[in-house]
Amino acid sequence: MTVTGMDEVRDALKSIAQSQTQLLSAFESVSQRVSELEKGRGATGPSRPTNGTSRVDSDDVLDPSPTPLHAGYTTDPSLVSAEAGTQQASKSAAAIGKLEFPSRVILTTYPKQIGINPFPMEWGHADPVKRGPVVVSRNTSTIRRRNAIGAHSGSYSIYYALAVASRELPLDHKPDFTNTEPAVNIGPFPQWGDKKKIVAMDPWGHQVPWLFKDVMENENVDLRPTIAITKAHMKLPELEESVRSGRLVPDGKVCINSQGELAVTKVAVEPVWYLPGVAERFGIDEGTLRRSLFEFTGGMYPELITRADIKVFLPPIGGLTVYIFGDPAKMSDSSKRLALRIHDECNGSDVFGSDICTCRPYLIFGIEEAVKEAQNGGCGVVIYFRKEGRALGEVTKYLVYNARKRGEDRASDYFKRTENIAGVKDMRFQALMPDILHWLGITKIDRMLSMSNMKHDAIVGQGIPIHERVELPEDLIPADSRVEIDAKITAGYFTTGHRMTDDELKAVQGRIWEE
């Protein structure tokens, strides 16, 4: 075929694409009008017969028009099509209550499907506009433009769905972001433009409503922040005791008063995963990662399989919170000292004071040391990850507790008890943890307030040197937590003290329930 012939084919294809876009726009306009008419007639009865079924396709033109079967759900297996990605909605759903969902239940989408036009995403580009926004909403005005899989708010997306289903939240609600700008400025830093350094969060997530305001308004696209920055005061009973004992000295700035009240900058972060980068961190191929995520989230996200062109995933997990003591600008200043505590969630100890582990004592110690570093002209940071029970969950953790306490609860069996139930010692997988350090602009850590070898290795492996490691003082270790801490030290946790022999480890025994 000649060059001229190729140009003609190209022009013809372009013309067809434009025609399809125009047709789709016209179809949407008619559908919207039909929806308005149905709403108007809803008080006097259904706008059309409800004795049939409505076919729901994933691979057809996406149709936002309403149907009497608004709930899009059927309890009758005979009405579910065998065709992949399709479902039929039953009239019995009308009894559930009418919500103005789109008429077609979009179970999945495919690349190059008619009507699908995702926003370009160039992960790691230093210019946020050229990088592109993270678009994940299934709002009718946005679903065609999605370039991400999942949902905002992580595990809380389920509560969002419940709020919509119970009519506490309008289906078409969009937030008003007036006065929600970050309380302090953080970044940008060179690390934000390196797709090898940040793969588990959106570095521009705190500026979305302002960076992409024109896109949101002119194209009616639903975009939301995945990071928020605020300021607050912190009060903990141990901090008042720290002041009384002289470990903390009020300065009116960081430690505000004799009650140990602290001034703190807080950053909340929701996870946003760049799948190729996450796969690389774990040393696996992207296809294996996608398949495993699909299978072990109950098949909730079929686009992990059908949309290989979409590289971003908002997983249904908890995020993290950063607590900054002192001037946040000093975090990225290599001439200033930085003290850091990386802490993984432990509800029983952190909140309710359980003494079976060292979590709360180390958290309080980390906060104290972070405050001291800030008072000495540097900066202190505590980062709190939602990884309850070593990311095994609280139910598994309590099952392990039961197995320990019904046995002899010896340090020598500490990890074995967990492996017997969970199959692994630990599922926190610290490979993604250093991303938040890159986002904060941290390039070195003067004092690492952690004994964890996994955390240390992950941070150093990402090119951030650690100059000093600080272990938890002996006098802060609860008696019943000796089983945990001695087992961890023997397994590789940092210590300047004694590492027990196997026989010594067998002699370390926890409290039984009756004591």
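I looked up isoleucine 149 and found it opposite phenylalanine 313 in E7. The model is predicted: local features need pLDDT of at least 70, side-chain atom pairs count only at pLDDT 80 or more, and totals for chains, interfaces and linings use all residues. Residues are numbered from 1 along each chain as its sequence is written, and side-chain values use heavy atoms, with hydrogens and water left out.

E3 and strand E7 (residues 312-314) run parallel, joined by three bridges. I count strands as DSSP runs of E, at least two residues, and helices as runs of H or I, at least four, numbered from the N terminus. Two strands pair if DSSP finds at least two bridges between them.

Next I traced the open sheet: its three strands have the order E3-E7-E6, with mixed pairing. E3 (148-150) and E6 (273-274) stand at the edges with a single partner strand each, so one side of each lacks a neighbour in the sheet.

Then I checked E5 (residues 262-269). Eight bridges join it to E4 (residues 227-234), antiparallel. Lysine 231 has threonine 265 as its bridge partner in E5. Five bridges link E5 to E8 (residues 320-325), also antiparallel. There, alanine 268 stands opposite threonine 321.

Last, the packing. A nonpolar core is a set of buried (under 20% relative accessible area, 1.4 Å probe, protein chains only) Ala, Val, Leu, Ile, Met, Phe, Trp, Tyr and Cys residues joined through side-chain atoms within 4.5 Å. The largest has 34 residues; Trp439 is among those touching the most other members. E10 supplies the largest share, four residues.

Technical notes
Buried means under 20% relative accessible area, exposed over 50%, partly exposed in between (1.4 Å probe, protein chains only).
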